[in-house]
Amino acid sequence: MELKPTMLQERIATLDILRGVSLVGILLVNMYTFYLPMPHIDLASWFTTPSDIVWQQNIDIYVQGSFYPLFAMLFGYGLAIQWQKAQSREQNFYTLGLRRLSVLFVFGFIHAVLIWWGDILMMYAFCGIFLLLLLRLSPLWLLVSAVIINGLMQVFMLFLVGIINFNTKVDDYLDIVSVEKAITAYGTGNWVEAFMQRLTDLSTQAGIGMWFAALFTILPYMLIGAAASKWRLVERAKELKWLWLTLAIAGLVIGIAIKSLPIMFTRTYLLDYLKTYIGGPVLSVGYIGVIVLLCLLPIAQKLLSPFAKLGRMTLTMYIMQSIIGTCLFYQFGFGWYGKVSVETGVLIAIGIIVVQMIIAEIWLSKWRQGPLEALWRKITYKKKVEAR
């Protein structure tokens, strides 16, 4: 018996909705990188107009740092589902899984080099290999492993913050030389100049330290997602509604409270650390809980179906966002680089999502999966695969 991809009738609507919602959050954060000289500035100190500051602070609280953990958990959940199906059929998933992750890495590499430097696909594929090696563990040990790995990072970060001094005010980071180069390349340069700058920014984004850090900041959430998958927490949501209600309320209240600290009080290294490494992931759990609970209501699932369509085409839509973003803001496109406010950036992101929802609706009415998803599966399974 051959390994096969997840059939359409086997898909879990709640997971697709969560994937679609995560795409919205990821785009809202990524918008900065399309029209500002990231990663060479400190967003919290970059803006000077009151409206930009307020919008940036709200994105910082409700979006920044809360959607990559969500996406990582969904990645782990999905990979664990595939592994469990292979186990039930007494098949070896590791060769196929490794090939699947390798193809994803290649997609990410092409995306990063030719379209946009802030790619996350390569990091997810890289961490996915380590997840693949640990999938044999029981859900409890997957969770324990996640806590231990993330805990090591937390101890290191607290040690680092302690050396700096917990109450030291955060210095406003600004690499003026790199900022000027980015503005010149993306704001006034042609495609070749933007390409060369993209390689420079990519060397920062995908430096050796970032690959190592990903094992402590992304892999643990994948492990948590894999544990949740083995416990079937989403599939058993109705049975476990009180657990999900607790996670939703606690995640929202605690997450928002922690992420608000640097804004409510003097911004110190400790508060920034708490916001990024504690508040962000906690809030993501709250978001997951809310959406899982909403999906228990048939009417809510119907209303959220546009997000489910996005979620069924996650890879295609993610790459499409980068293509649209670079075409809108770089000089070889519309040339809006550095010319929009944070509010305008948010409105553009919402517009992109609406357009993508329409595209997904039309595409999936004719085809069973997104074009890049179809290519990914075709390469992985070495033949044309029907999704129905």
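Biologist: Which residues touch the most other members of the largest nonpolar core?

Modeller: In this predicted model, the largest nonpolar core holds 114 residues. Nonpolar side chains tend to be buried together in soluble globular proteins. Here the members that touch the most others are M31, Y32 and F329.

Biologist: What does Y32 touch, not counting residues up to four places away in sequence?

Modeller: Contact requires heavy atoms within 4.5 Å. With residues up to four places away in sequence set aside, Y32 touches M38, L43, F47, Q56, I59, Q64 and V342.

Biologist: Why do the buried residues of helix 18 lie on the same side of it?

Modeller: Helix 18 spans residues 371-381, and its buried residues are E373, W376, R377, T380 and Y381. They lie on the same side of helix 18 because the arc they cover around the axis is only 110°.

Biologist: Which helices are included in what covers these buried residues of helix 18?

Modeller: The cover is described by segments that include three stretches, 94-114, 305-312 and 314-329. These are helix 5, helix 15 and helix 16.

Biologist: How far from E373 is the nearest side chain of opposite charge?

Modeller: E373 is buried in the model and belongs to helix 18. A salt bridge needs the charged atoms within 4 Å, and E373 has none. A polar atom of its side chain does lie 2.8 Å from the backbone nitrogen of L315. The nearest side chain of opposite charge is that of R377, at 6.3 Å.

Definitions and conventions:
Residues are numbered from 1 along each chain as its sequence is written. This is a predicted model: local features need pLDDT of at least 70, side-chain atom pairs count only at pLDDT 80 or more; totals for chains, interfaces and linings use all residues. Side-chain values use heavy atoms; hydrogens and water are left out. Buried means under 20% relative accessible area, exposed over 50%, partly exposed in between (1.4 Å probe, protein chains only). Helices (H or I, at least four residues) and strands (E, at least two) are DSSP runs, numbered from the N terminus. The arc is that of the directions from the helix axis to the C-beta atoms. A nonpolar core is a set of buried Ala, Val, Leu, Ile, Met, Phe, Trp, Tyr and Cys residues joined through side-chain atoms within 4.5 Å. Lys and Arg count as positive and Asp and Glu as negative; His and the chain ends are not counted. A polar contact is a pair of N or O atoms within 3.5 Å; within protein, one must be able to donate a hydrogen and the other to accept it, and residues adjacent in sequence count only if both atoms are side-chain atoms.
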